[in-house]
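Trainee: I have a model open on my screen and I'd like to learn how to read it. Could you walk me through a few features?

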Amino acid sequence: MSTAVPDDSRKVTTHRLMEMKRRGEKISMLTAYDYSMAKIIDQAGMDVILVGDSASNVMAGNVTTLPITLDQMIYHGKSVMKAVKRALVVVDLPFGTYQGNSKEALASAVRVMKETHADCVKMEGGAEIKESIQRILCAGIPIMGHLGLTPQSINKFGTYAVRAREDEEARKLMEDVHLLEEWGCFAVVLEKIPAKLAARAASELRIPMIGIGAGGGVDGQVLVMHDMLGINRTFSPRFLRRYADLYGVISGAVQSYIEDVKNGGFPNEKEQY
C-alpha cells in the first residue's frame with residue numbers, strides 16, 4: 001500500500017525542523033495526551049507532537065485552557081513520552097506557571113523537562129514575557145513560541161475571533177515574532193491570524209512558523225487531535241478539516257456492544273474458556 005509518509009525513522013529535533021524549513025518541507029504537528037494515541041500518531045510519521053493545554057478542554061471537560069495545572073500537564077507529558085520514538089515532543093507550560101515570575105517560569109520548565117523527558121516547552125506571548133523566555137532559554141531548554149490568538153489570554157480578549165486584523169495588532173505581532181527569534185526560540189505557533197500576515201512572518205523569519213487557522217503560507221500546520229478525528233463535534237471553526245468521524249464510529253461500536261450484551265450475543269462460544 002502506498003503512503004505519503006516518508007520512510008524516515010530519524011528522531012526529529014529542533015535543528016531538523018530548521019532544516020525542513022530551509023528546504024521547503026512542510027512540518028506536520030498534532031496534539032496527543034495519552035500513551036495509546038501518541039503511539040499511533042508517532043508511528044504514522046508525525047513530525048511534532050504537542051502535549052497541549054487543550055487537554056483542559058478535550059480531556060478534562062473545562063471550558064477554557066486556564067484550569068489545567070502543571071502537575072496535570074506533566075502527567076500527560078510523561079504518558080506521551082513513553083510512546084514516542086520519532087516525533088519532537090512539545091509540552092505546553094500552563095497558565096500561571098510563567099507569566100509573572102521568571103524564576104517560577106524556569107522552575108516550571110525544569111520540572112517539565114526532568115519529569116516528562118520531553119524535548120521542549122511552548123509558551124504563549126511575546127515582549128510581555130521576555131524575562132521568563134530568556135531565563136528558560138539560558139538554562140538550555142528549547143522554547144516554541146505562540147502568538148496570535150493565545151487561549152490562555154481568552155478572558156483578556158473576550159472572544160475567539162481572528163486576531164491581528166487591525167494594523168496596530170498586526171504590527172505588534174510582527175515585532176513579537178522577530179523578538180522570539182532574536183531571543184532564541186526555535187519555532188512559533190501562529191493561531192487564527194490573517195493568512196497574508198502569517199505568510200509574511202514565515203518569509204521574514206529563519207525559524208519555522210506553525211499555523212493553526214493561519215493559512216497555507218506558513219512552514220507547517222497543527223490541529224487538535226480530537227477535532228481533526230471528529231471525536232469533538234462541538235468545535236467547528238473554518239480552519240478545521242475533519243479527517244474522520246470517530247464520534248460516529250465509537251458511538252456505533254458502543255451501541256452494538258450494548259445490544260450484544262443485552263440479547264446474549266456476547267460472548268459467544270468462541271469467546272469463552
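**Reading the model**

Mentor: Let's start with alanine 139, which is partly exposed because its relative accessible area is 42%; buried means under 20%, exposed over 50%, and partly exposed in between, with a 1.4 Å probe and protein chains only. Alanine 139 sits in the loop between H6 and strand S5 (143–148). Helices (H or I, at least four residues) and strands (E, at least two) are DSSP runs, numbered from the N terminus.

Mentor: Before we go on, this is a predicted model, where local features need pLDDT of at least 70, side-chain atom pairs count only at pLDDT 80 or more, and totals for chains, interfaces and linings use all residues. Residues are numbered from 1 along each chain as its sequence is written, and side-chain values use heavy atoms, with hydrogens and water left out.

Trainee: How many residues apart in sequence are alanine 139 and asparagine 155, and how many Å apart in space?

Mentor: They are 16 residues apart in sequence and 31 Å apart in space, C-alpha to C-alpha.

Trainee: Now helix packing. At what angle do the axes of H5 and H6 cross?

Mentor: Axes are lines fitted to C-alpha atoms, for helices over the stretch in contact, and angles run from 0 to 180 degrees between N-to-C directions. Here the axes of H5 (residues 102–116) and H6 (residues 130–138) cross at roughly 45° and come within 8 Å. That makes H5 oblique to H6; angles under 35 degrees count as roughly parallel, over 145 as roughly antiparallel, 65 to 115 as roughly perpendicular and the rest as oblique.

Trainee: Which residues meet there?

Mentor: Contact means heavy atoms within 4.5 Å. From H5 come Ser102, Lys103, Ala105, Leu106 and Ala109, and they meet Glu131, Ser132, Arg135 and Ile136 in H6. By class, that contact of H5 with H6 has four nonpolar, two polar and three charged residues. Ala, Val, Leu, Ile, Met, Phe, Trp, Tyr, Cys and Pro count as nonpolar, Asp, Glu, Lys and Arg as charged, and the others, Gly among them, as polar.

Trainee: Is arginine 163 buried or exposed?

Mentor: Arginine 163 counts as buried, at 14% relative accessibility. You'll find arginine 163 in the loop between helix H7 (154–157) and helix H8 (167–183). Leaving out residues up to four places away in sequence, arginine 163 touches Gly148, Leu149, Phe157, Glu169, Lys192, Ile193 and Pro194.

Trainee: What about backbone angles: what is phi of alanine 164?

Mentor: Phi of alanine 164 is near 60°, a positive value in a residue other than glycine. Alanine 164 is in the loop between H7 and H8, and counts as buried at 4% relative accessibility. Lysine 192 isn't a glycine either, yet has a positive phi of about 50°. Look for lysine 192 in the loop between strand S6 (187–191) and helix H9 (195–204).

Trainee: And how is a pair of aromatic rings described?

Mentor: By the distance of the centres and the angle of the planes. Rings of Phe, Tyr and Trp (its six-membered ring) pair if their centres lie within 6.5 Å; planes under 30 degrees apart count as stacked, over 60 as edge-to-face and the rest as tilted. By this rule the count comes to two aromatic pairs. In phenylalanine 235 and phenylalanine 239 the ring centres are 6.3 Å apart and the planes at 65°, so the pair is edge-to-face. Tyrosine 257 and phenylalanine 266 also form an edge-to-face pair, 5.9 Å centre to centre with 65° between the planes.

Trainee: What kind of peptide bond joins phenylalanine 266 and proline 267?

Mentor: A cis one, with omega about 0°.
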